[in-house]
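Dear colleague,

Please find below the structure I promised to pass on, together with its sequence. My notes on what was found follow directly after it, arranged by topic so that you can read them alongside the coordinates on your screen.

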Amino acid sequence: MSVVLHVDLDALAANLAEIRRRVAPALHMLVVKDDAYGHGLEPVVQRAWTEGVKWFGAFDVRTGYIVRAALGPEARIFVWMVGSIDEVRDALHEDLDIGVGDLGLLEDIATARRPAAARVHLKIDTGLHRNGVRPEEWPAFVARAAQLEHDGAIEVVGVWSHIAEASEADDDDAREAFDAALSVARDAGLRPSMRHLAASAAAFDRPEFRYDAVRVGAFAYGIRPAGGPDETELGIRPIARLSASVIETDPVVRIDATSLHGLPSSLGGRVTLGSPSGPRRLIALDTTGGSIEGEGASLVGEEITVYGPSGDGAGSATTLAEAVGTIGEEIALRLSPLVPRVYSD
Ligand SMILES: *Cc1c(COP(=O)(O)O)cnc(C)c1O
């Protein structure tokens, strides 16, 4: 196994503790979409559950399923990408909480309900225009939801939205729109116990964005924002280290990168990797391998850190991302599912 993602579940636990400390009394909903940001869904949710995380943001129904199977009936699992009526039925069957951003879906859920009321979180569009009910349609939407709740078809557990976290002013406008929507919902007779708006950045920085819960993914995995504060400042650390072995030392030192082809080749010449004998410059990266500086100083089989927690000279996934103008999530998610994930705790 030449290319391996080493996932440190103790580091995950430490990040979860820091998130809890920062956002309390708001709850932390751990976002686990995209295979827990490429770290491997089941080991991540199992450890998080042991650490006391009760809410999981799964994004799609399939991911919700896997979390339900891994954690059992007590876990609260939120999905917000529910397409077909079959998916609605599946989500209700698995007792998933469903994010609802349009009236058609709300009616489908009410029709497909099981004996128990369907748990829904109503989504207001606060400016991102990535689904969500537009403010002008919100009063009629919440009035219908209140009626369906009264009939026992649904339970309005939450009201939520998503913000860009790119500019404070835009986020402030979004929060104002969110507060207005909450008050309209309240006037319609709804009493949602889960009001949630913030993801990682706003959850840490801006207390007034926390409401009842925050949906934090990136920071739990130790992925910091590109161009933002570093991990030490945030009190988090990367939970994964990607390593690749030296496969050749003559004429140049080459690392096996056949499984790294998801990483941008433009990283070549722009980043430093880690090795037992210190930092090594990545000279080039292509589909079959990468060349690194340090002729003769490396041995075949030596383990090179492509990214990970600082220590041996490598940067984090976000450091790599910054070198090529993207974000850490993009680096983490591009890693092929064929790369073995190895867990330690
Ligand atoms: C991905 C996602 C999050 C988590 O964002 P991070 O910045 O990774 O914490 C929260 N909410 C929604 C709707 C998302 O899609």
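**Two helices side by side**

The axes of helix H6, which covers residues 103–112, and helix H7, which covers residues 138–150, come within 11 Å and cross at roughly 5°. Because angles under 35 degrees count as roughly parallel, H6 and H7 are described as roughly parallel to each other. On the H6 side the contact is made by Leu-103, Leu-106, Glu-107 and Ala-110, and on the H7 side by Phe-141, Arg-144, Ala-145 and Leu-148. Sorted by class, the residues in this contact of H6 with H7 are six nonpolar and two charged, with no polar ones. Please keep in mind, here and below, that this is a predicted model.

**The ligand and its surroundings**

The residues that surround the ligand include Val-31, Lys-33, Trp-80, Trp-160 and Ala-199, as well as the run of Arg-215, Val-216, Gly-217 and Ala-218. Tyr-37, His-162 and Ser-200 also belong to these surroundings, and for each of them a distance to the ligand can be given. A polar side-chain atom of Tyr-37 lies 2.6 Å from an oxygen atom of the ligand, and an N or O atom in the side chain of Ser-200 is likewise 2.6 Å from a ligand oxygen atom.

**Arg-224**

Arg-224 sits in the loop between strand E9 (213–216) and helix H10 (231–234). Is Arg-224 buried or exposed? Its relative accessible area is 8%, and since buried means under 20%, Arg-224 is buried. The side chain of Arg-224 makes a polar contact of 3.2 Å with the side chain of Glu-231, and another, of 3.4 Å, with the side chain of Thr-319. Leaving aside neighbours within four places in sequence, the residues in contact with Arg-224 include Phe-219, Pro-229, Asp-230 and Leu-234, and also Ser-316, Thr-318 and Glu-322.

**Ala-180**

Ala-180 is found in helix H8, which runs over residues 168–187, and at 42% relative accessibility Ala-180 counts as partly exposed. Although Ala-180 and Pro-135 are 45 residues apart along the chain, their C-alpha atoms are separated by 8.9 Å.

Definitions and conventions. Residues are numbered from 1 along each chain as its sequence is written. This is a predicted model: local features need pLDDT of at least 70, side-chain atom pairs count only at pLDDT 80 or more; totals for chains, interfaces and linings use all residues. Side-chain values use heavy atoms; hydrogens and water are left out. Axes are lines fitted to C-alpha atoms, for helices over the stretch in contact, and angles run from 0 to 180 degrees between N-to-C directions. Helices (H or I, at least four residues) and strands (E, at least two) are DSSP runs, numbered from the N terminus. Angles under 35 degrees count as roughly parallel, over 145 as roughly antiparallel, 65 to 115 as roughly perpendicular and the rest as oblique. Contact means heavy atoms within 4.5 Å. Ala, Val, Leu, Ile, Met, Phe, Trp, Tyr, Cys and Pro count as nonpolar, Asp, Glu, Lys and Arg as charged, and the others, Gly among them, as polar. Buried means under 20% relative accessible area, exposed over 50%, partly exposed in between (1.4 Å probe, protein chains only). A polar contact is a pair of N or O atoms within 3.5 Å; within protein, one must be able to donate a hydrogen and the other to accept it, and residues adjacent in sequence count only if both atoms are side-chain atoms. A residue is near a molecule or strand if one of its heavy atoms lies within 4 Å of it.
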